[in-house]
Amino acid sequence: MLTVFELTRRSMRQNVKHYYLYFFALIFSMSLYFVFTSLQHDQAVQNMTHPSVDFSAGFQIAGVILIVIVGIFTVSANGIFLRRRSREIGLYQLIGLSKGWVARYLMIENILLGLGALLAAIICGALISRLFVLILLNLLGLEGIVDISFSVPAAFKTSMVYLLIIVITSIQMMLKVYRSTLLNLFQADKRPDLTKPPKAVASAIFALLGLALIGYGYELSGHINEQLFLNALLVLGSIVAGTYLLFRVTIRWCFYRFRKRKDGHLGLTNSLSMAPLMHHMKANANSLTLITMLSAMAITLISMAYAFYYSVEQETRRDLPYDFMFENEPQEALSFKMKLEKEGIDVNHHVVQAVLTMGSILDPNDEFHKVEESLLWLPAEQLKQTGADLNVPPDGEAILYNAGASLAGDLDEQSKRYPTEIELEQHGQTVMYTLRTLMERNIMNLNAPGRQLLVSEATMDKIAEQMAGTPGYKVIRFDTYQVPDKEELAIASSIYAKHVSDERLTYDFYAQYKEVLQMTGLLIFIAAFLGLVFLISTGSILYFKQMTEAEQEKQSFKTLRQLGFDVDMIMKGIIRKQAIVFLLPLSIGMLHSIFAIKAASFMIRSDTTFPASIAMAIYTVIYFVFALFTIGYYRNIVKNAMS
């Protein structure tokens, strides 16, 4: 007579063979959690990064997200497995075993499999930690050799996460055993009866409502930055609800209309593709909605991180057109130049004389809106001598340069404010100048005071003459430096840091570039691997659900084989079904991500088309691999249907 442990051991061997993708996804996810936790506690890597980069917090947040992903994946997969094993659970009870015995058997199996996966995850995590560190250092633009030792705190935290997962899945198993009747267990894999058509009016209303909710979310995403928190919640809620209705009602209703148009004569290929989808679409609405939303989140996360990382140099140059700048510090500027020459660093040095005044930029759309602020008048002729790419405005006209214009609001809405007028108050009189347009970049470094206005030198001289002696008036000398050889920027930056006062907010291009590069490098490192976990988890859930459906359809395949249909003929319908199953959540998720990226694009000034295309292409390829696994599993079922 088999003991509970012998039965558990035999069941484990069978489960590992059938659910290898589940264990791979679980081991990979928890190995990644172990690596993230190890890096969180690694002082050697943290000491190499810029002080402003919150290294530890980044990995801590990533670890929490990873736990949520693994939790959702494990509960979803375990639910599929329990449903598939319902008949087995029912048989144990039918031969006289108590529910307590069955629950204990399932829990022992779950604990042993969990411990095996935990051990494999920690070993794999320890082995690949160095590889992950090398990838991270490369993304951060850092050089150095970091010794990786086994992290006991990381192993402890990973064990605690696994303990939590085992507790949750064990509760899930106990509920399955104690709440299910024998009849429910033996009918768990029975298809729903679709002899009754969906109610035409109700289905049409809910189908249109689902599309309307998605459309509303898409439309609102274009204005998400106006009331960020509220609009973000509305967008998320409407798209999730709309996607759920799309899978539960709209698509199923479309399949039903297609079958009705065919008068029920679908043919072999459609019977093997659309008919199973009609049977399962309502039951699978929750999981397909979850997969679609996770796919959209993953693609958006990876695309935005990729866009941030690869636009760092361009974005930094928008803010800091000059490598180094001194403001009204001619002695420090001269000393800095002499030290650069002493180090053999070639540098282009130019002096720009500017004027700072108080004034108001009028809003033609709101005549009562008038805010007095500091205005920095910069002469175009002098800036052109520094190598700046710009045109000299006509006398009496100015151009506003603001690298953060898109971050302050919708750039298209702001552009409607121009041309407008600049109002200056000088000794009781009002002087007006024309502000022609807005350019989304700076013409002087970010730390220059006031709003940056480009004017002709003659206009600046006239303003200086008119505004001299008024409150806020100031003549400013900017010493600008450009280092042609980018290899020498690091040395020049270290010299510059010794010449600037800690009391004043100063920037240099190289230091700012390295700081932002490390922040975005950390972001893309976390986003890429979290996105990969998202992808493997969602792909695995789809694969497991198709495995279950393949087992349910085994008798149908046997009947078709007995009627004379060969494997290739049957597989045509199955391949079409898998194309729909994998393409539906993927394509809808991609569509969601396109609008999500568009909504978040106000945070980044560069084009996100290329990084989004790369992320979607990678996602599609890996989904295609899961589809091939599923088709291979179906082919084996069909081949062995006669045995």
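Residues 24 or more positions apart make up 83% of the chain's contacts with a separation of 6 or more. Keep that figure in mind as you turn the model, which is a predicted one. The chain has 643 residues, of which 50% count as buried, and its secondary structure consists of 22 helices and 8 strands. Its accessible surface comes to about 30900 Å², with 61% of that belonging to carbon and sulfur atoms.

Let's begin on the inside. In soluble globular proteins, nonpolar side chains tend to be buried together. Here the largest nonpolar core holds 100 residues, and the members that touch the most others are Phe36, Phe525, Phe544 and Phe557. Helix α19, spanning residues 509-552, supplies the largest share of this core, with 18 residues. Setting aside neighbours within four places in sequence, Phe525 is in contact with Phe36, Leu39, Phe59, Phe132, Ile135, Leu136 and Leu139. Another core lies apart from the largest one; it has 20 residues, including Ala405, Ile422, Leu424 and Tyr433.

Next, have a look at helix α5, residues 86-94. Which of its residues are buried? They are Ser86, Ile89, Gly90, Tyr92 and Gln93. Viewed down the axis of α5, these buried residues fall within an arc of 155°, so they line one face of the helix. Ser86 is a clear case of burial, because its relative accessible area is 1%, under the 20% cut-off. The C-alpha atom of Ser86 is 9.2 Å from that of Leu182, although the two residues are 96 apart along the chain. Just after α5 comes Gly96, which takes a positive phi of about 110°.

Now for the charged side chains. Side chains of opposite charge can pair when their charged atoms come close. The structure holds 8 salt bridges. One of them joins the side chains of Glu315 and Arg318, with an N to O distance of 3.6 Å. These two residues are 3 apart in helix α13 (residues 312-319), which means they are separated by about one helical turn. An α-helix has 3.6 residues a turn, so residues three or four places apart point the same way. Glu315 is buried, with a relative accessible area of 12%, and Arg318 is buried too, at 18%.

Lys577 takes part in two further pairings that you can follow in the model. Its salt bridge with Glu549 has its closest N and O atoms 2.8 Å apart. Because Lys577 lies in helix α21 (residues 567-600) and Glu549 in helix α19, the pair ties together parts that are 28 residues apart in sequence. Both Lys577 and Glu549 are buried. The side chain of Lys577 also meets that of Glu553 in a salt bridge, at 3.3 Å from N to O. Glu553 sits in the loop between α19 and α20 (554-562), so its pairing with Lys577 in α21 ties together parts that are 24 residues apart in sequence. Glu553 is buried, as is Lys577. Through shared partners, salt bridges join Glu549, Glu553 and Lys577 into one network.

Finally, which buried residue has no salt bridge? That is Glu488, for which the nearest side chain of opposite charge, Lys486, is 10 Å away. Glu488 lies in the loop between β8 (474-482) and α18 (489-497). Not counting residues up to four places away in sequence, Glu488 touches Gly344, Ile345, Asp346 and Val483.

Methods: Residues numbered from 1 in each chain as written. Predicted model: local features only at pLDDT ≥ 70, side-chain atom pairs only at ≥ 80, totals over all residues. Heavy atoms only, no water. Core = buried A, V, L, I, M, F, W, Y, C linked by side-chain atoms within 4.5 Å. Buried < 20%, exposed > 50% of the residue type's maximum accessible area, 1.4 Å probe, protein only. Helix = DSSP H or I, 4+ residues; strand = E, 2+ residues; numbered from the N terminus. Contact = heavy atoms within 4.5 Å. Arc of directions from axis to C-beta. Lys, Arg positive; Asp, Glu negative; His and termini not counted. Salt bridge = Lys/Arg side-chain N within 4 Å of Asp/Glu carboxyl O. Areas by Shrake-Rupley, 256 points an atom, 1.4 Å probe, with all protein chains shown as cover.
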